[in-house]
Each structure stands twice: as C-alpha cells, then as structure tokens.
Amino acid sequence: MAVVGLFGEGNPRPGMTLSLLLAATLSVAHADEALRSRVIDLLSGVEYTPTAADWAALGNGASDELLAVARDAGRSPTQRGNALVALGYFPGSEARSYLSSLVRDAGTESLLRRKACIGLANAYKGEAVADLAVALESSDTQVRTYAAKALGLVGGAGTSTLESRLGKEDNASVREAINHALGR
Amino acid sequence: MNSTHLATSFALASFGLGLLTACPEDEAKGADNVSVEDLGSFTTDTGGEVDIPWTTPDGVVSTEVFCGPYGYGDNLATAAKITSPGGSEIYNWEDPYGTAMRVGTLDDMLPVLLSVSPDLAVEEGDYTMRLLMAVSNLPATVSCSVVNRIGDVSGSNTVDVNVVFVGVDGIVAGMTGAAAESDDTMKAIVAGLGDLWSDLGIELGEVSYEDFGGDVDKYTVVDGDEEFGNLLREAGDGVHLTFFMVQDIDLGDGASVLGLSGGPPGVATVGGTSKSGVVINVANAASNPDEVALIMAHEGGHFMGLFHPTEKSGAGHDPLGDTPECTDGNSDGTVSTSECSGKGAENVMWWAAKTGTSVEFSGDQAWVVARNPVVLPK
C-alpha cells in the first residue's frame with residue numbers, strides 16, 4: 001500500500017517510483033514463489049509427512065497455497081492429497097467447504113476423498129461427522145476404511161455412526177478399521 | 001570360511017536352524033559370494049543390552065548383522081556401540097554422527113550394514129555389537145543372523161529386481177504380473193530406474209513381475225509401520241531386490257509417503273523379515289512415471305545402504321565425504337530444495353521427490369552400493 005502512495009501528485013521522480021513499484025511487486029512475487037516452493041517441498045517428502053510445527057513455521061499464508069495445490073488438477077495426486085490432510089491444520093470456511101464437498105462426492109478420486117476425510121476430521125472434529133457418515137457408505141472399500149479412521153479421530157461423536165456401519169459392513173479390512181476406530 | 005551358501009528357501013522360521021543349503025541357480029549368478037549364518041538367540045540384561053559377536057570371513061567386502069523380531073509400537077532397538085576387529089569403537093549411539101557408521105533405531109528388526117562409507121571399510125575378524133533394546137518386556141530374547149559377501153567388487157554391476165503388484169491395476173491397468181512387461185507406464189518406470197541407477201554403476205539385471213498372493217484389500221493401502229513390516233515379510237529369499245507396488249502408504253497421520261525401504265539398510269538376500277524389501281506408492285504413476293522411477297531408485301538406494309545427504313531438518317547427514325551437506329539457513333526446521341540447490345538437492349537420495357532435479361549419485365554412494373550383497377559384479 002505504501003508503494004501505491006508514491007504515485008501521488010508532486011512526486012518528482014516518476015521513473016524511480018515505477019522502479020520501486022516493480023521491485024516491490026517482484027519482491028512480493030518472489031516471496032509468494034518461495035512460500036509455494038516450501039509448501040511443495042513439504043508435500044513431496046519421499047518418506048516424510050509434515051507436522052503441525054512444519055506448517056506453523058510457514059505461517060498462515062501456507063493455507064492459501066495448500067488450498068491452491070489441493071484444487072490444482074495439474075499437481076500430483078499425492079501432493080493434492082497431502083494438501084487436503086494439511087488443511088486440517090488451518091480451519092477456515094473455504095477449506096471446510098472444499099473438504100466437505102470432496103468427502104460427500106462419490107465421484108471424487110478415491111485418494112483425494114480419503115485424504116479429505118482426514119483433513120476434515122482433524123480440523124472440525126464432531127462437526128465433521130455428518131460428512132464422514134456419507135463417505136462411510138461409499139462403495140469404495142478404501143474410502144470406507146478412511147471414513148472409519150477419520151470418525152475415530154473425532155472421538156465420541158462418531159461412535160454411533162461407526163456402530164451403525166459395523167452392523168452391515170461385510171469387508172474384513174473395513175470392519176477392522178471400524179473396530180480400531182472404536183478402540184477395540 | 002565358516003559359513004554356507006545362500007538358500008532361496010531360507011525363511012524367518014529357519015532362524016536357529018543353523019546351516020543352509022546351496023542354491024544352484026544363485027550360485028550360477030554369483031551368489032556363492034554371499035553367505036548367511038545363523039548367530040543364534042541372545043537375551044538382553046534387564047537394561048535391554050546384550051553383546052552380539054560375529055566374525056567376518058577372509059576377503060569380506062560387506063557384512064550385515066540383523067536381529068529380531070521384537071514387535072512394533074514402542075518396541076525399538078539400536079546399537080549402543082559397535083567394536084571392530086582391531087578393537088576400535090566404530091559406532092556409539094550417544095554420538096550417532098561421530099563416525100562414518102550409521103545405525104537406525106528401528107521397530108521389529110534391526111539390520112546393521114558395514115560398510116556404509118568408504119571411510120570405514122569392513123575388516124576381516126571379530127566384531128561385536130552391543131544391542132540396545134527398548135521393549136515392553138525386559139529381558140528380551142532375539143534371534144540374530146549375518147549376511148557376509150566376499151570376493152570381487154566391480155564398478156560395473158547388476159541388480160535383479162522383483163516387482164510385486166498389490167492391487168494397483170486400478171491406477172495403471174497394466175500394473176499386473178501378466179501385463180506389466182508390455183505396459184508403457186511400467187516400461188517408462190523401469191527405464192527411468194535404469195537411467196538413475198546407471199550413475200551408481202548398476203544395470204538392471206532380470207526384472208520379474210508378479211501379483212501379490214496375500215490379502216490385497218489389506219495391503220494395497222499400507223497403513224502404519226506394522227502393515228509395512230508385514231508386507232515386507234512376504235518378500236522371498238534370493239540375490240535380488242523386491243519392490244512392492246501399492247496404491248498408497250500412510251504411516252498413521254493420514255498423509256501419503258512415496259516410498260519406504262526396510263531398514264534402512266534393508267535385510268539383503270534374506271526374505272521373510274520386516275526389512276526384506278521396499279514398498280513403492282504408485283498413486284502418481286499414471287501422470288508421472290518418472291517420479292515412481294525416482295522413488296524406486298531412492299528407496300533401492302536406502303535398501304543398499306545409502307542415506308539422505310542431509311536429513312529434512314538439516315540436523316543429520318550421511319557418512320559420505322563426497323555428498324554435499326546443506327544447512328537450514330532460514331531456521332524454519334526444513335532444508336528446502338531451493339536453499340540446497342548445489343548442496344545435495346540434485347542427489348537421488350534428497351529427502352523430497354524432485355523429478356528431473358534429483359538425478360545424481362556420487363562416487364562414494366556407488367562405492368557403498370557396489371559392496372551390497374544384492375549387487376552382482378559383472
């Protein structure tokens with residue numbers, strides 16, 4: 001904002017003003033690019049997944065980058081998926097809406113839907129149960145497994161949903177995940 | 001030489017059975033240079049410590065001792081110290097980066113490989129490892145064995161690769177035992193792996209494909225350390241490296257990792273242990289086969305005794321003299337690829353997957369790998 005002010009009437013050196021504006025713009029772009037690069041690094045660990053402390057070190061600006069990566073179909077599935085999990089560290093209305101839409105949409109790619117379940121559960125706990133209950137009815141066994149895992153993360157609020165599904169679940173791996181989520 | 005030839009039928013259950021029988025197929029491919037010896041059972045004191053002695057034969061080029069199983073959760077083990085035949089302490093866990101030796105702190109099975117650096121070449125004679133266990137019930141008893149490789153070392157080698165598909169044909173249709181050989185994506189992955197490993201002086205030898213015979217539903221998404229270890233137990237014996245290709249790998253926090261090696265280093269040539277292979281996440285295979293090739297090259301490198309040139313935090317480095325080290329210049333807890341340009345990010349063993357950037361191995365890395373028991377000199 002201070003840079004814009006330099007365009008004010010009476011500025012004797014418009015050329016320098018333009019240079020300063022350009023430099024400031026480039027500086028901001030460079031900072032954005034540097035943050036994006038650090039976010040992508042953290043989403044691309046070969047054997048490493050980022051912690052809350054890693055994201056905290058990048059500041060709140062990381063959440064916008066994470067949302068951008070998660071929505072970018074040109075990014076790899078694991079980067080997008082890890083961004084969805086990481087959004088769980090940055091609760092906010094836009095992120096919640098996006099995570100919720102992925103969890104509820106049967107057409108969402110399996111990996112993204114699974115990761116969205118985790119991000120949603122970590123960020124919104126009991127408020128995520130209704131969305132996760134939809135995913136728990138998915139025809140994809142891996143999505144059901146992750147919905148169960150996510151319901152385990154939200155604690156007691158997810159218990160009745162898990163119990164209800166356990167009564168009709170016929171896949172052994174999903175049953176195991178439900179029982180694990182119920183602490184059995 | 002007081003040891004026997006590797007048997008392809010060796011399984012974890014044979015720990016404690018003593019001598020193994022020779023396998024003509026492996027002998028024909030040079031596995032007569034590799035021997036497996038059962039060291040027996042060892043019981044710790046109430047502090048969790050016990051000495052594991054073993055002898056390396058004349059002409060040894062590498063030795064790998066491994067002890068377990070001791071389970072998961074909070075059950076961990078490492079080497080408190082290792083003493084060489086000359087009586088030198090070549091590793092002490094209180095100063096883990098103090099020598100050119102590296103030892104993990106691992107669940108279920110602890111493999112320890114010599115050498116992981118040309119600065120600490122393996123010697124002939126008597127070694128002792130002070131095993132240190134932190135498990136739920138002490139004293140604890142574990143079985144230990146040793147793999148020794150003797151004979152020639154070459155700068156030109158081959159590695160046989162066994163690729164096992166664990167329910168991943170939904171990601172790439174050709175990722176099955178029957179279709180992989182003619183599948184374009186798999187061909188691109190294998191070619192990429194060959195390109196990257198060529199910098200190590202390694203050519204791909206026999207590449208075989210098969211479908212996983214176990215519980216695909218359970219293992220196609222590897223969830224947690226115990227599932228990871230249990231999948232690796234399905235790897236067979238032999239002078240080869242087994243890659244399990246899965247839909248996803250989640251170590252418990254819900255996020256994906258791209259690959260994991262048993263160990264590192266992995267238990268070479270002996271199947272049936274929780275460190276007997278490598279697991280690869282193929283979620284990105286359809287859009288980026290080169291990344292899967294990079295991850296296979298990276299994890300295979302771990303299996304054969306390589307470490308990250310600089311760990312993600314910047315706090316640890318590999319024991320090699322010719323790999324660059326990077327420091328966390330901005331103190332954010334992460335050595336980023338951009339701040340480590342020219343300082344390790346170009347190495348295949350870089351901690352983050354950077355396809356097209358991380359393409360190099362160093363001479364010291366080639367030195368280490370050339371001595372691994374799964375590597376066959378040409």
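Between chain B and chain A, 25 residue pairs are in polar contact, with both residues of each pair at pLDDT 80 or more. The structure is a predicted model. Sorted by class, the side of chain B that touches chain A consists of 17 polar, 11 nonpolar and 10 charged residues.

In total, 31 residues of chain A are in contact with 38 residues of chain B. The area buried between the two chains amounts to about 2700 Å², and carbon and sulfur atoms give 45% of this area. Eight salt bridges are counted between chain B and chain A. One salt bridge pairs D41(A) with K354(B), whose closest N and O atoms are 2.9 Å apart.

A charged residue without a salt bridge was also examined within chain B. D237(B) is located in the loop that lies between helix 4 (225-232) and strand 14 (241-246) of chain B. The residue D237(B) is buried but forms no salt bridge; R233(B), the nearest side chain of opposite charge, is 12 Å away. A polar atom of the D237(B) side chain does, however, lie 2.6 Å from the backbone nitrogen of G271(B).

Key. Residues numbered from 1 in each chain as written. Chains lettered and ligands numbered in written order. Predicted model: local features only at pLDDT ≥ 70, side-chain atom pairs only at ≥ 80, totals over all residues. Heavy atoms only, no water. Contact = heavy atoms within 4.5 Å. Buried area = accessible area lost by both parts, 1.4 Å probe. Salt bridge = Lys/Arg side-chain N within 4 Å of Asp/Glu carboxyl O. Polar contact = N/O pair within 3.5 Å; in protein donor to acceptor, adjacent residues only side chain to side chain. Nonpolar A, V, L, I, M, F, W, Y, C, P; charged D, E, K, R; others polar. Helix = DSSP H or I, 4+ residues; strand = E, 2+ residues; numbered from the N terminus. Buried < 20%, exposed > 50% of the residue type's maximum accessible area, 1.4 Å probe, protein only. Lys, Arg positive; Asp, Glu negative; His and termini not counted.
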